[in-house]
Amino acid sequence: MTGRDASSIVLRNAIALIASTAATGCPSPVGTCSQSDATRTEQYDDLALQLEADGGFVISGEDGYYPGQYPSCRDYCSIQPELVSLSSCEGPTFADASTGGAWTIECDGRWVACSFPFIINPPPAPGSGRTTEGVWMPPAKPARGSVGKRSARLGEHFARAAAEEGAAVFAFRRLAREIAAHDGPRSLVMAAQRAAHEEVRHAMLTAMLARRYGARVTLPVAPALPVRPLDQVALENAREGCVRETLGAIVVAFQSLRARDGVVRRALRSIARDESGHAALSWSVERWTERRLGARGAADAKQAMVETIAELDGPSPFRGPVGAEAGLPTAGEVRGMMRQAKARTWPQT
């Protein structure tokens, strides 16, 4: 296991531990992980997976468990958060009707399984996640039709969440361009591109929840966002990724346990796994920029984290009139999350 793989798993488990501690009130929930060698096979129907002329393929549609564009099966297999190391892969291969009539992709490698099912194991919020300067958030639209006051407020909450997820799409697309422009590792560029694809799906899921409660969704817009100097990229990543996105991942994992509506819990559970990966990506970007910028850049990024943590360490920005329905934490629960995050995910600050 590489150092990056190990640190990613540690962060994901810390996020799961913090969320489950706050959700259950248990002071020290038990969490264990184990690794095993296995071949996993994913299947897609012929509407969800389309081959491209260069040998790559695109996954889309409702069956798109990992939606996106992939140059090879190796790129596809390597995005799965449970994978520790990939030995080989095969596919996509189309099975004829007698064997199910589906595209199959096989990933052979070492996998990790943990006792926190909402982070590592389930199939694929809304906390305050990543955004970027230059994104414009239009005002929310009033609920449409005749809905109760509580439902209208819940719909408005998820409409705001959909807008935040939409802002994250712009943020990750920009991050991918900026990493590439500064000659960053291809793995980080691809991870940021995948995160943008996942945020599109998150916006769709939260928009579905908003419409379910009578709300209308207005998504953000952005002009062509320029590539910035690396020190500015590092500062934004420290604030938006290492702090806000990490806390957002904890909050959405908490919600996936506490929301009263089963439909809401299932939607947030699928978002939670992705968001823990986005938090891990933010810390990988932080380590890369620290190596490039040296001690001064690392000190500036650390100070940006300290200031952002202080901004979030006040009254809860999450709980509102519909907090219990959406599974949002109380002010006391947020304070507990912040204390644990300082100990487990922000120790250097």
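Me: How many disulfides does the structure hold?

Reply: In general, a disulfide is a covalent bond between the sulfur atoms of two cysteines. This model is a predicted one, and it holds two disulfides. One joins Cys73 to Cys89, with an S to S distance of 2.1 Å. The other is formed by Cys77 and Cys107, whose sulfur atoms are 2.0 Å apart.

Me: Which parts does the pair of Cys77 and Cys107 tie together?

Reply: Cys77 lies in helix 2 and Cys107 in strand 6 (residues 103-114), so the parts tied together are 30 residues apart in sequence. Both Cys77 and Cys107 are buried.

Me: What is the handedness of each link?

Reply: The link of Cys73 and Cys89 has 65 degrees about the S-S bond and is right-handed. For Cys77 and Cys107 the torsion is about -80 degrees, so that disulfide is left-handed.

Me: Which backbone features deserve a second look?

Reply: Most residues other than glycine have a negative phi, and most peptide bonds are trans.

Me: Is Asp183 buried or exposed?

Reply: Asp183 is exposed, because its relative accessible area is 67%.

Me: How should I read the nonpolar cores?

Reply: In soluble globular proteins, nonpolar side chains tend to be buried together. The largest nonpolar core in this model has 24 residues, and Met338 and Trp346 have the most contacts inside it. Helix 1 (3-24), helix 5 (230-258), helix 6 (262-312) and helix 8 (331-344) each give two or more residues to this core. Apart from it lies another core, of 19 residues, including Leu154 and Ala267.

Me: What does Met338 touch beyond its neighbours within four places in sequence?

Reply: Met338 is in contact with Leu247, Ile309, Leu312, Asp313 and Trp346.

Me: Where is Arg201 placed, and which side chain does a polar contact join to it?

Reply: Arg201 is in helix 4 (residues 186-212), and a polar contact of 2.3 Å joins its side chain to that of Asp274. Arg201 counts as buried because its relative accessibility is 14%.

Terms used:
Residues numbered from 1 in each chain as written. Predicted model: local features only at pLDDT ≥ 70, side-chain atom pairs only at ≥ 80, totals over all residues. Heavy atoms only, no water. Helix = DSSP H or I, 4+ residues; strand = E, 2+ residues; numbered from the N terminus. Buried < 20%, exposed > 50% of the residue type's maximum accessible area, 1.4 Å probe, protein only. Polar contact = N/O pair within 3.5 Å; in protein donor to acceptor, adjacent residues only side chain to side chain. Core = buried A, V, L, I, M, F, W, Y, C linked by side-chain atoms within 4.5 Å. Contact = heavy atoms within 4.5 Å. Disulfide = S-S within 2.5 Å.
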